[in-house]
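Thanks, everyone. I have one model to go through today, and I will start with a term before the details.

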Amino acid sequence: MTRELSTSDITGIHQTLALFAHAVDNKETDALSLVFTDDVTIEIGVGKGILLHGLDAFRDYVRRLPADTADHQTVDTIILVDNDGTVRARSRYLAVRADGSITNGDYLDIVTRTPRGWRINYRRTVHRYPRVDGLIGPTAITDEWRPKPARAPLPIQ
């Protein structure tokens, strides 16, 4: 399998990831179809976190979020391609809470090219600060999203 992604692919992936915060923070649940596949799996947290299957389940989750839910910024995205062609994105997030405090973490995504463009098929949110039990998160969760030269995408020139 090739690691080649076009510049258009890379731009499309970044656009999809950026749309997430706009759709969720503004509760524009119809726009979530521009971000996720219909069969998306979303895991929020580690351990006793939240597990959601399907776009409709995530839409319901977003609708139930309180009005003062933190605003999210997606930053420092890297794109990785596995030997089997799986495209992963790892992004940092910063979330500003209503009281002005900040939390952050990682979005661990698997993205797929669909007839409608790039969409997230799997997302795991791993919280970093404030730390729980002094840990950033289990290595087993983040290992597949660690940058390595052999997994960097090769843009088509």
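When I say buried, I mean under 20% relative accessible area, exposed is over 50%, and partly exposed is in between, with a 1.4 Å probe and protein chains only. This is a predicted model, in which local features need pLDDT of at least 70, side-chain atom pairs count only at pLDDT 80 or more, and totals for chains, interfaces and linings use all residues. Residues are numbered from 1 along each chain as its sequence is written, and side-chain values use heavy atoms, with hydrogens and water left out.

Confidence next. pLDDT is the predictor's confidence in each residue, from 0 to 100. The protein chain has a mean of 87, with 87% of its residues at 70 or more. Helices (H or I, at least four residues) and strands (E, at least two) are DSSP runs, numbered from the N terminus.

Now the core. A nonpolar core here is a set of buried Ala, Val, Leu, Ile, Met, Phe, Trp, Tyr and Cys residues joined through side-chain atoms within 4.5 Å. The largest has 28 residues, and Ile13, Leu32, Phe36, Phe58 and Val87 touch the most other members. Helix α1 gives the largest share, 5 residues. Contact means heavy atoms within 4.5 Å. Beyond its neighbours within four places in sequence, Ile13 is in contact with Leu5, Ile79, Val87, Val111 and Trp118.

Thr16 is also in α1, residues 7-25. Thr16 counts as buried because its relative accessibility is 5%. Outside four places in sequence, Thr16 has contacts that include Leu34, Trp118 and Ile120.

Last, salt bridges: a side-chain nitrogen of Lys or Arg within 4 Å of a carboxyl oxygen of Asp or Glu. The whole structure has 8. What about the two ends of the pair formed by Arg63 and Asp60? Their side chains meet at 3.0 Å, N to O. The two are 3 residues apart in helix α2, so about one helical turn separates them. Asp60 is partly exposed at 37% relative accessibility, and Arg63 is partly exposed too, at 46%.

Asp109 and Arg123 form another salt bridge, at 2.7 Å, N to O. This pair links distant parts of the chain, with Asp109 in strand β6 and Arg123 in strand β7, 14 residues apart. Asp109 is buried at 0% relative accessibility, and Arg123 is buried at 1%.
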